[in-house]
Amino acid sequence: MLKTGADYLESLRDGRVVYIGGERVDDVTEHPAFRNGARSYARLYDARNDPKYRADLTYEENGERFAAYYLKPRTKADLEHRSRCSQVIADLTCGMMGRSPDFIGGYLTGAVMQPEIYDRGQHKFSKHVLAYFDKCRREDLFLSHAVTPLQGSKDTKFSGREAIQTPQLAVVKEDDSGVTISGIKLLATGAAFSHDIWIGNIQPLAPGHEKESITCMVPNNAPGLELWSRKAFERYAVSEFDNPVSYRFDESDCIVVCKNVKIPWERVFTHNDIPLSRAIYFETPTHTLSNHQAAVRYRTKLKLFLGLARRITQANSIDKVPAVMDDLGHLAALYGQMSGMVEGQIQAFETLGNGYLNYNRYLMYASIYFAYQQYDHFVGKVRELAGGSVLQMPADISVLDNEATRETFEQLWQGQSASAMDRFKVQKLAWDVLASEFAARHWQYERFYMGPAYIVRAHNLREAPWPEIEAYTSALLDSYGPGPLLLPGRED
Ligand SMILES: Cc1cc2nc3c(=O)[nH]c(=O)nc-3n(C[C@H](O)[C@H](O)[C@H](O)COP(=O)(O)OP(=O)(O)OC[C@H]3O[C@@H](n4cnc5c(N)ncnc54)[C@H](O)[C@@H]3O)c2cc1C
């Protein structure tokens with residue numbers, strides 16, 4: 001059954017262990033480092049009952065209604081539906097919450113679209129994946145994930161570096177009831193707010209690391225599980241006016257620490273099989289369904305930055321300067337390119353041959369590489385357009401609390417066509433999304449959420465349609481001589 005926002009918040013009060021430094025967080029829904037983040041997710045839960053969003057955020061199957069990120073696409077309309085769902089979620093979170101529930105919802109949905117892969121090795125775990133998917137959409141669960149092996153566990157042939165001993169998460173015991181895992185895992189964004197964590201390995205593990213090749217679902221309140229948060233920016237946000245995005249949308253990133261955490265077999269998806277623990281992401285729609293969300297979310301972020309660039313130039317009365325208009329045209333073209341790349345993934349969809357469809361995976365990886373390459377450039381351009389104006393505002397909104405400073409501020413900070421308060425809001429938003437510590441974390445996020453750039457390039461190398469590309473080049477090379485150029489497939 002679909003949860004309401006209140007149900008969701010209640011479900012987070014489950015005894016989970018979250019640390020910020022040495023401080024144990026009792027309740028993420030009330031703690032000043034997490035409470036607004038929790039409320040932003042709760043708003044997403046509530047939005048499903050809002051007639052404005054309900055059709056996009058949910059779907060119906062056999063009389064039951066589920067979150068649309070659990071929809072298994074059979075038609076192009078289904079792909080569009082999933083995409084609209086991610087669009088609404090991105091719009092409601094300003095593109096700032098990368099691991100919103102639709103991201104790992106895509107992992108799991110992709111898994112059950114080709115579940116036979118989970119029976120490929122010595123274990124036959126497809127039934128676990130299918131049953132877990134059903135539980136997940138019925139109980140309306142929010143999943144996060146930690147799938148990055150620690151540096152020393154990666155395959156040296158792939159990573160080009162020496163293996164070293166690290167406390168990487170691994171199976172330390174197994175018996176009839178399940179496995180026991182211990183160690184740490186990077187870097188579960190959103191875990192402080194999720195119900196279960198998908199533990200896995202998306203980068204190749206080195207031979208000998210079989211015990212680490214576990215893929216399993218761990219409840220956030222499992223005995224022995226601890227979430228160690230990075231510095232929480234929400235805690236330092238002065239107010240909604242001063243830090244409008246870090247105040248609301250700090251999704252958190254946590255190291256997952258497991259101390260003899262018991263996982264029943266029905267929550268285990270791969271075990272003791274290094275190649276399979278990686279293949280499940282790329283030989284099913286898992287990685288593509290989830291990262292289509294990443295492209296949609298990025299488009300929303302660019303929309304916000306582009307709108308901000310325009311508002312900054314208007315507030316600073318430079319919007320009619322030809323060179324500034326040229327810059328805005330440049331940024332508008334980049335936003336348009338990203339939009340086209342999102343739509344292209346739907347338009348050039350793939351047929352899986354079993355009744356299901358997938359977004360075009362090559363175009364998905366290409367869009368992520370574009371996003372990765374353009375982020376610094378886009379942010380840099382908007383900062384350039386902002387000039388010093390982002391630092392010319394009073395320190396914080398308390399300027400309005402003092403009659404003397406309020407009057408001066410309202411008189412002297414007003415622009416030709418904008419009030420002092422309008423200018424304050426624009427500049428504070430600009431600083432929060434482009435230059436603050438929260439913004440710096442986003443810089444790191446946009447560069448690494450799919451792995452470092454060389455990994456994203458490797459995905460593009462793997463998925464590019466080489467036969468078609470090579471055939472085209474060969475056709476030209478083979479066509480020298482009299483007569484017209486013949487294109488491959490168009491010989492007649
Ligand atoms: C904000 C943020 C949120 C994240 N959220 C999640 C999450 O929710 N779940 C999750 O599982 N992970 C998450 N990650 C982790 C992310 O997947 C990893 O950080 C990412 O894969 C990079 O891995 P690494 O840190 O081991 O970098 P490394 O592999 O150590 O690479 C670091 C740098 O070393 C260089 N380098 C290393 N090896 C090579 C090579 N062979 N060729 C060329 N250059 C090389 C490159 O410059 C590279 O950028 C997140 C990361 C960040 C920053």
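How many of the 13 residues of helix 5 are buried? In this predicted model, for which local features need pLDDT of at least 70, side-chain atom pairs count only at pLDDT 80 or more and totals for chains, interfaces and linings use all residues, 13 of the 13 residues of helix 5 are buried, so that helix is largely enclosed by the rest of the structure. Residues are numbered from 1 along each chain as its sequence is written. A residue counts as buried if 20 or more other C-beta atoms, placed from the backbone, lie within 10 Å of its own, as exposed if 12 or fewer do, and as partly exposed in between.

**Overall architecture**

- The chain holds 17 helices and 14 strands, where helices (H or I, at least four residues) and strands (E, at least two) are DSSP runs numbered from the N terminus.
- The radius of gyration, taken over C-alpha atoms, is compared with a globule rule of 2.2 Å times the number of residues to the power 0.38; the chain has a value of 24 Å, close to the 23 Å that the rule gives for 492 residues, so it is as compact as a globular protein of that length.
- Taken along the principal axes, the box filled by the C-alpha atoms of the chain is roughly 75 × 75 × 55 Å, and 42% of the 492 residues count as buried.

**Helices 2 and 5**

- Helix 5 covers residues 101–113, and its end C-alpha atoms are 18 Å apart, which agrees with the 18 Å that its 13 residues should span at 1.5 Å a residue; the expected span is 1.5 Å times one less than the number of residues.
- Tyr-45 lies in helix 2 (residues 35–47) and is buried, with 22 other C-beta atoms within 10 Å.
- The C-alpha atoms of Tyr-45 and Ile-89 are separated by 9.9 Å, although these residues are 44 residues apart along the chain.

- Six strands form an open sheet of mixed pairing in the order 2-1-10-11-7-6, two strands being taken as paired if DSSP finds at least two bridges between them.
- Its edge strands are strand 2 (23–25) and strand 6 (170–175), each of which pairs on one side only.
- Neighbouring strands of this sheet are turned by 20° against each other on average, direction ignored; axes are lines fitted to C-alpha atoms, for helices over the stretch in contact, and angles run from 0 to 180 degrees between N-to-C directions.
- Strand 1 (residues 18–20) pairs with strand 2 in the antiparallel sense over three bridges, and Ile-20 stands opposite Glu-23 in strand 2.

- Strand 5 and strand 8 (residues 196–199) run parallel and are joined by four bridges; Leu-143 has Asp-196 as its bridge partner in strand 8, while Ser-144 stands opposite Ile-197.
- In a regular strand the side chains alternate between the two faces of the sheet.
- In strand 5, Leu-143 and His-145 point one way and Ser-144 and Ala-146 the other way, and all are buried.

**Hairpin and positive phi angles**

- Strand 3 (residues 58–61) and strand 4 (residues 64–67) run antiparallel and are joined by four bridges, with Tyr-59 standing opposite Phe-66 in strand 4.
- These two strands form a hairpin with two residues between them, and Asn-62 in the turn has a positive phi of about 50°.
- Asn-260, which lies in strand 11 (residues 253–264), has a positive phi of about 50° although it is not a glycine, and with 12 C-beta neighbours inside 10 Å it counts as exposed.
- Ser-317, in the loop between helix 10 (286–315) and helix 11 (322–347), has a phi near 55°, a positive value in a residue other than glycine; Ser-317 is exposed, with 12 other C-beta atoms within 10 Å.

**The ligand shell**

- The ligand is surrounded by 21 residues, of which the closest are Thr-189, Tyr-445, Phe-448, Gly-451 and Pro-452; a residue is near a molecule or strand if its C-beta atom, placed from the backbone, lies within 6 Å of it.
- Strand 5 (143–146), strand 7 (178–189) and helix 15 (437–448) are the elements that give two or more residues to this shell.
- By class, the shell has ten nonpolar, eight polar and three charged residues, with Ala, Val, Leu, Ile, Met, Phe, Trp, Tyr, Cys and Pro counted as nonpolar, Asp, Glu, Lys and Arg as charged, and the others, Gly among them, as polar.
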